[in-house]
Amino acid sequence: MIMIVGADGTIDYVNPRFRAVAGWECDQISGRSITELADKGEVTSCSPSMVQAVIEQRPWSGLIHGIRSQRLADPATETGIGGLDSDGDSVWAYVEVAPIRDETGAITHMLVVAEHVTDLIETERQLHQAQKMESLGNLAGGIAHDFNNLLQPILMLSQSTADSMKADDPRRALLERVVEAAERAQALVERILSFSRDAASGEHRAFALHQVVGEAVDLLTASVPDNVSVVSRTHPVGLITGDPTEVHAVIMNLGFNAADALSDSGGTIEVTLTVEEVDEALASRVRGLVPGRRYARLSVSDDGPGIPPDVRQRIFDPFYTTKDVGRGTGLGLSIVQAVVTRHYGTMTLASEPGQGTCFAIYLPLDGETVREVV
Amino acid sequence: MARILVIDDEDLVRFTIRHALESVGHEVIEAVDGAEGINRIKTASIDLVVTDVLMPNKEGIETIRELRTLDNPPPIIAISGGGRTGNVDFLELARKFGADAVLAKPFSARDLTGTVSRLLDTPCRGGRRTG
């Protein structure tokens with residue numbers, strides 16, 4: 001990607017590739033001052049030093065994040081030209097700035113050469129995430145081992161003692177509650193382990209998604225505090241292939257997070273389920289969607305305080321939590337993400353301070369095989 | 001009734017298993033790791049071994065392999081709370097190395113005593129091995 005800037009800072013030329021990645025039209029960019037781009041926020045906070053280098057006519061190199069895929073004249077148009085940048089607003093580029101001199105040695109122009117490295121950065125981020133998940137899997141295995149050792153005497157001794165009592169002994173009912181709690185703890189340990197397991201080992205089958213969503217909404221409605229209401233706008237969307245228990249856990253996890261966000265102010269959690277026909281425009285905005293395929297779109301949103309940008313950056317990291325000690329493990333959203341990935345789906349997060357938060361999950365509907373192309 | 005060697009580094013687990021086995025009439029000998037377990041079996045007659053898989057010092061897989069080299073080895077039940085780390089399923093591994101049965105912790109007393117009975121009733125396995 002090449003840009004040539006005149007000695008006065010005017011953009012003389014931007015090659016087609018550069019324009020495509022940045023979402024610029026030729027007639028809208030040529031003749032503008034490079035400082036104007038920075039002023040309009042078309043390049044991000046890490047690039048003023050690059051702009052400054054161009055203005056001061058000195059060499060510069062560095063990584064730039066966030067040249068937005070918006071047309072200059074129409075910022076409301078979010079789709080990048082050619083769909084090169086699937087999330088619509090995040091682009092990484094490695095940029096080198098160098099002066100062009102005439103025969104006398106005077107600088108006539110500045111050459112800006114940029115390499116589009118969004119995919120590389122994204123791949124690196126995914127690799128880093130995979131390494132973290134592997135470490136976490138091993139850690140979870142260790143935790144499970146210790147917990148199961150502790151559960152062994154609780155479960156067996158309470159069960160044996162209960163069995164030794166007469167059927168009408170009131171203490172027997174109490175011990176059976178202990179057994180029940182131990183069995184639930186055992187299931188919880190298994191769930192913590194499940195997200196780190198290989199997808200191939202999971203029991204996947206076709207099931208009606210709206211039924212699982214309905215069950216989860218019923219449970220969520222019964223579980224949230226009085227000042228939080230749950231609204232369901234779901235429709236039958238057909239079958240997906242996967243693990244209904246895991247999908248149920250995903251909905252509950254997102255629902256409980258939303259309820260936590262609303263615990264002080266109160267508010268409404270909305271769960272929606274629709275069919276999404278993915279076109280080029282949507283596929284260019286949501287990474288991982290395949291154009292022409294049909295997906296179930298499951299969203300869980302709230303009208304709470306929203307998630308600050310710095311938290312959004314780390315929200316899917318294992319063990320990252322903003323909750324008080326003892327109120328959250330920080331595993332919830334990393335498990336949600338792992339489950340969605342195992343179902344060949346993808347998810348998005350939209351949140352604005354004071355405007356609430358919406359998690360949307362896209363799961364391929366049966367008959368829409370995306371495994372080969374994802 | 002049988003004499004059963006229980007090898008586990010967790011005293012609460014050993015106590016629990018002892019309680020379950022003694023309640024149906026078995027005699028229990030305990031060992032805290034594989035090394036002590038092997039030593040016990042060489043000095044006492046044992047009908048069946050229940051061994052943990054993940055233990056300090058001599059761990060379960062190595063213990064199972066060594067038990068299998070004995071003349072007329074007793075039946076072995078491998079137990080583990082680890083389930084799986086990464087793609088390694090320890091109980092599956094224990095079975096491959098010679099465990100006759102496996103139980104994932106936490107298991108019930110009924111699971112344990114039922115498995116013990118089944119192995120002791122199996123012909124050619126369960127005869128008391130004299131140390």
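Ser108(B) is a buried residue, with a relative accessible area of 14%. In this predicted model, Ser108(B) belongs to the loop between β7 and α5 of chain B. The side chain of Ser108(B) comes to 3.0 Å from the backbone nitrogen of Asp111(B).

The interface itself draws 19 residues from chain A and 22 residues from chain B. About 1,900 Å² is buried between the two chains, and 60% of that area lies on carbon and sulfur atoms. Polar links are also present: 5 residue pairs are in polar contact across the interface, with both members at pLDDT 80 or more. On the side of chain A that touches chain B, the elements giving two or more residues are α5 (118-164) and α6 (170-194) of chain A. Of these, α5(A) supplies the largest share, 15 residues. Sorted by class, this side of chain A has 7 nonpolar, 9 polar and 3 charged residues.

How many salt bridges cross the interface of chain A and chain B? The rule finds 1, formed by the side chains of Arg110(B) and Asp163(A), with N and O 2.6 Å apart. This pair also takes part in a network of salt bridges that links Asp163(A), Arg172(A), Glu176(A) and Arg110(B). As a general point, side chains of opposite charge can pair when their charged atoms come close.

Over all chains, the structure holds 17 salt bridges. One of them joins Arg342(A) to Glu246(A), whose closest N and O atoms are 2.7 Å apart. Arg342(A) is part of helix α11 (residues 332-342) of chain A and Glu246(A) is part of helix α8 (residues 244-261) of chain A, so this pair ties together parts that lie 96 residues apart in sequence. Both Arg342(A) and Glu246(A) are buried.

Another salt bridge in chain A brings together the side chains of Arg294(A) and Glu277(A), at 3.2 Å from N to O. Here the partners sit in strands: Arg294(A) in β10 (residues 294-302) and Glu277(A) in β9 (residues 267-277) of chain A, 17 residues apart. Are these two partners buried or exposed? Arg294(A) counts as partly exposed because its relative accessibility is 30%, whereas Glu277(A) is exposed, with a relative accessible area of 51%.

Chain B has a salt bridge of its own between Lys105(B) and Asp8(B), with the closest N and O atoms 2.9 Å apart. Both partners are found in loops: Lys105(B) in the one between β7 (101-104) and α5 (109-121) of chain B, and Asp8(B) in the one between β1 (3-7) and α1 (11-22) of chain B, so the pair ties together parts that are 97 residues apart in sequence. Lys105(B) is buried at a relative accessible area of 3%, and Asp8(B) is buried at 0%. The loop between β7 and α5 of chain B is also the place of Ser108(B), the residue with which this account began.

Turning to the strands of chain A, β11 (residues 346-352) and β12 (residues 356-364) run antiparallel and are joined by 7 bridges. Within this pairing, Thr348(A) stands opposite Ala360(A) of β12(A). The two strands form a hairpin with 3 residues between them, and in the turn Gly354(A) has a positive phi of about 80 degrees. In a regular strand, side chains alternate between the two faces of the sheet.

A further strand residue, Ser61(A), is placed in β3 (residues 60-65) of chain A. Ser61(A) is partly exposed, with a relative accessible area of 40%. Not counting residues up to four places away in sequence, Ser61(A) touches Tyr94(A), Val95(A) and Glu96(A). The C-alpha atoms of Ser61(A) and Val113(A) are separated by 9.3 Å, and these residues are 52 residues apart along the chain.

Technical notes
Residues are numbered from 1 along each chain as its sequence is written. Chains are lettered from A and ligands numbered from 1 in the order in which they are written. This is a predicted model: local features need pLDDT of at least 70, side-chain atom pairs count only at pLDDT 80 or more; totals for chains, interfaces and linings use all residues. Side-chain values use heavy atoms; hydrogens and water are left out. Contact means heavy atoms within 4.5 Å. Buried area is the accessible area (1.4 Å probe) that two parts lose on being put together, summed over both. A salt bridge is a side-chain nitrogen of Lys or Arg within 4 Å of a carboxyl oxygen of Asp or Glu. A polar contact is a pair of N or O atoms within 3.5 Å; within protein, one must be able to donate a hydrogen and the other to accept it, and residues adjacent in sequence count only if both atoms are side-chain atoms. Helices (H or I, at least four residues) and strands (E, at least two) are DSSP runs, numbered from the N terminus. Ala, Val, Leu, Ile, Met, Phe, Trp, Tyr, Cys and Pro count as nonpolar, Asp, Glu, Lys and Arg as charged, and the others, Gly among them, as polar. Two strands pair if DSSP finds at least two bridges between them. Buried means under 20% relative accessible area, exposed over 50%, partly exposed in between (1.4 Å probe, protein chains only).
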